[in-house]
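Hello,

Here is the structure I said I would pass on.

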Amino acid sequence: METTRNWLLPALLAAAQIAWLWPGAGLAGAEVPGAAALVAVLGAVVAETAALGRRRQAPVRALAWSLGTLLLGQVAWQDGYSGAGAPIALYSVAVRCPVPVTVRALAAAVGVEWFLSIVHVGVRPALASEWVLGALLYAVCAGLGEARRQWLKGRSLAARRLAGAEEIRRRAGDTERRRLARELHDVSAHHLTSVVITADAARRLGGSRPELTAEALSFAERTGTETLTALQRLVGLLRAVDRSDPRPMTARIEELIAGFGRLGRPIDAVLPADLAGPAAEAVHGIVREALTNALRYAPGSAAHVSVLRGEGVLELGVDNAPPRGAAPDGVGGVDGLGSGRGVAGMKERAAAVGGELSAGPAPGGGWRVRATLPDVTGPWGPPEGAGRRDVLREQRLVDPALVCTATLLPLLLALVTAEEWTGASLWTAVPGLLVVAVLLAAHAAPLLWRRRAPWPAFLGVLATSWLWPAAVVGVGLPSRVSEFFAGGALVELLAVYAVAVYGRGAARTWPAWCAAAVSLSGTLVATAGADGELSGEDLMGPAAVVMFVPLAVVLAVVFAGLWGAGLAVRRRRLRILAQDDFALAGALWHAERAADAERHRLAAKLRDAVLHPTAALVERARQGRLEEVAAGARSALAAMRELLHSLGESEDGAGPGLAPAPTAADLDTLCRTVRAAGRDVTLRGLPEAARNLPPAVTLSAYRIVEAALGAGDQGPARVTLRRRRDTLRVTVTGVPLAVNGPVAERLKVQVGTRPGRITLEQAGTVRVLLSTRPSPPESVQEVFPSPHA
């Protein structure tokens, strides 16, 4: 599949070029090149095809070769060689390289294009139009490539976050068992062992030293009490209930509202039936606080609670009327409400789940609380790097490219027809052209902010459009200026599209296309009237109306269609991002649930196996029953050791070490298992490379090979391990499905847990370099490492 993607487009371009070479040019009556030129063109086609086939692996090199073939082909056959490979290669550079590299590549491509224009056209007025068109073509390609790069960057980040969350989920139970093993060993092993030793000594020497019995009983009571306290604290930590409730919370919120209603307050509510997760918990807390404040400061007043679903968000509103018998602007508690802890607490609840909250007086009196919360199920965590809006907006070359296009295209029309519309030579028309250029630039400039502030940018576009009739009247531009402004209507189209894609509240952005159609129609009619195209003063009004109405209708249809396309793009993008958020939240939610279930299970086991015997030991010590104290201490110690053993604690108490993890030495078994399933897998480098490796390194090596071989490929594969000084090199070939997508991100996460480097080659090779130097264990929280590529 990857090979087809790489070579399909170059093959189609080559076929189209050869088809035009023969028989297309002859059939169209175009000039056919001679033998030498024919050989040069064919050589350029072959070289360009080969370069474009490698555009994803080596984009800069592909662009260099494409520009070289463009020079060769254009010199050999100016009118017949298309040179379409250069813009495509520049697009690939923008997709796969950082912005500085893209800018240099754009400059090189434009330079080559301008050089060819000078060669073919010469230094004439027409050269300006050639230069503008060439620069626009490459600028648009670079801008689209940058947009694609940022989108892929966001998708890669989402996949990396999901891979890290899956790793958390996989290790959640083991993490809790390790933590309990450490705590249990620290708080009980030494104490219980001391009780056993002291009680045995008192029993043996009780005849000769009777005072030891009292000391042993006192020590057992004191030490047992300390152990009991520590164990009770540990059980309390394990059974902590201040965690997200996975069940839907709509019923709980309705119960809360009904409770306030029973206090004599009329309350109506509109709630979705399936609120769940941290956002729902935040809704519960905010509603409780808001209604409590309303009860305190506006007793008896009516209230309204609404929770509405938007595009990936929950819109929460709590409104209460002024207190009964008070003027709308005289609500007793309104002034003091915002200065207390209530509003600050609600804002903290909203911020804790990534939302926003505002509270203040309502226009008609009373108080209003508004909150916007992310609508995800399960624990929410702020994403690394850019958020959702940043993912949609972080495109640094697209907007400047669009501004240049919207400015230069109509300016190019003005340059080409300058002598016609000015009635003078090009050089005489320079002042008028400068005014037109300034107007076009001012009209397109607001598009630079179309992502960050779509509505202000849209209004700026509409406002600057009215500079045209004002300039015609004030500066005295020549006639037919409205034609150039009509060419600049691309700006309005882009502004309407930006409002649909980036404006808040997509359903409320429909006035944009109506306003744009009316404004543009009015501006065109006014400009035509000002520059003399609507001749005849007596008929100016009717002619303007006749021109305005059909023009507004046509433009309304165009703008409405573009607005709808923008909404479709917005919904698709947000749906993808919401799926990413849902998958991440789901993985983290399952991880928390797994850890929580493990905590409850371990708490019950600890209570039954150790806590109860320890409590019985303390009671026997208080009763002075030394024999039973010794037996109870042994029983509690044995139960503790048994529990530690079930958790993976070593017999010597050295530390937690759950069931043996797979190592690099187990790769032979893994490869045999894969071969038994019918796939040809070769393993080289064992056992020499795996000898005396640190446990973390050998586990990482196994996981890397396991993930690469399990990506879904069916062809032959080879695994090679090499040990050199302080590094282990792991190479897996024949796994093209492992170098892209979620498997690639899991590999990066796995390598990120150790000092190392990973290289993913599109041909289907994974190369990993791991450091074998001892390093301190990483924290469980370090699950979002930066990529190594």
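Predicted model: local features only at pLDDT ≥ 70, side-chain atom pairs only at ≥ 80, totals over all residues.

Residues are numbered from 1 along each chain as its sequence is written, and side-chain values use heavy atoms, with hydrogens and water left out.

The protein chain has 25 helices and 10 strands (DSSP runs numbered from the N terminus: H or I of at least four residues for helices, E of at least two for strands). Of its 789 residues, 45% are buried (under 20% relative accessible area, with a 1.4 Å probe and protein chains only). Among contacts (heavy atoms within 4.5 Å) between residues at least 6 apart in sequence, 75% join residues at least 24 apart.

Both patches consist of residues with over 30% relative accessible area and no salt bridge, joining like charges within 9 Å or nonpolar side chains (Val, Leu, Ile, Met, Phe, Trp, Tyr) within 5 Å. A salt bridge here is a side-chain nitrogen of Lys or Arg within 4 Å of a carboxyl oxygen of Asp or Glu.

The positive patch gathers Arg684, Arg718, Arg722, Arg724, Arg729 and Arg757. Strand 7 (residues 717–724) gives the most to this patch, with 3 residues. Arg757 sits in strand 9 (residues 756–761).

The nonpolar patch is formed by Val545, Val549, Val553 and Val557, with about 360 Å² of accessible area together (Shrake-Rupley method, 1.4 Å probe, only the protein chains shown counting as cover). Val553 lies in helix 21 (residues 540–623).

Regards

Terms used
Lys, Arg positive; Asp, Glu negative; His and termini not counted. Charge placed at Lys NZ, Arg CZ, Asp CG, Glu CD. Buried < 20%, exposed > 50% of the residue type's maximum accessible area, 1.4 Å probe, protein only.
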